[in-house]
Amino acid sequence: MENKVTTPVMKGLIISLILIVFAVVVTIFKLETNKALGIVPIVILLGGIIWANINFAQQMDGNVTFGQAFGHGFKASALVAGIMGLWVAFSLTVLFPESLDRAMEMQRTAMLEQGMGESEVDKALSIGKKMAAPMGAIVSVIMYLIVGAIGSLIGAAVAKKNPTPTPFQ
């Protein structure tokens, strides 16, 4: 009987769902400005991708190479990055636009404290508000891809591997 292997798509969807639930909780409780919570999504992604690689190697009874394990984890990370990029854009524009307003108010205060004039601040914030969703999505995709690649490397390194040689190797 052949082992059933959970696909990277399913693992990516699970990790994305966990990250979205965390983001919703943070937004509902208005904790976006808590810098310490900013590390939690990175930890969730790293842990999730490492789990995905270890789980993949176990499901394959260790008959995997480093490259196969890395590829499995990176496919899951790429899906997570895409989903989270869409989530950022959607949440800032449709679901929780008030969180963007809160961030803009903090920026306004910081800019005024730095001595910028009211008109300069208004101009900068109007540009910032227009660019927040697309830039947030792009930055989030890049960040999740980088962290996902690191998680895939770690996961592939720690996953138990004992590949059976094939006659073509």
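**View 1. The largest pocket of the predicted model.** The largest pocket holds about 1,200 Å³ of space (an open set of 1 Å grid points over the protein atoms alone, with protein on both sides within 12 Å along at least five of seven lines; lining residues have an atom within 4 Å of a point; the volume is the space filled by probe spheres set on the points). Of its 37 lining residues, Val-26, Glu-32, Gly-38, Val-88 and Leu-92 are the closest to the centre. Helix H5 gives the largest share of the lining, nine residues. By class, the lining comprises 24 nonpolar, 10 polar and three charged residues. This is a predicted model, in which local features need pLDDT of at least 70 and side-chain atom pairs pLDDT 80 or more, while totals for chains, interfaces and linings use all residues.

**View 2. The salt bridge between Glu-32 and Arg-102.** The N to O distance is 2.5 Å (a salt bridge is a side-chain nitrogen of Lys or Arg within 4 Å of a carboxyl oxygen of Asp or Glu). Glu-32 lies in the loop between H1 and H2 and Arg-102 in helix H4, so the pair ties together parts 70 residues apart in sequence. Side-chain values use heavy atoms, without hydrogens and water.

**View 3. A network of salt bridges linking Glu-105, Arg-108, Glu-118 and Asp-122.** Asp-122 and Arg-108 meet at 2.7 Å, N to O; Asp-122 belongs to helix H5 and Arg-108 to helix H4, 14 residues apart. The closest N and O atoms of Glu-105 and Arg-108 are 3.8 Å apart, and both residues lie in helix H4, about one turn apart.

How values were computed: Residues are numbered from 1 along each chain as its sequence is written. On a 1 Å grid over the protein atoms alone, a cavity is a set of points where a 1.4 Å probe fits but cannot get out, and a pocket is an open set with protein on both sides within 12 Å along at least five of seven lines; lining residues have an atom within 4 Å of a point. Helices (H or I, at least four residues) and strands (E, at least two) are DSSP runs, numbered from the N terminus. Ala, Val, Leu, Ile, Met, Phe, Trp, Tyr, Cys and Pro count as nonpolar, Asp, Glu, Lys and Arg as charged, and the others, Gly among them, as polar.
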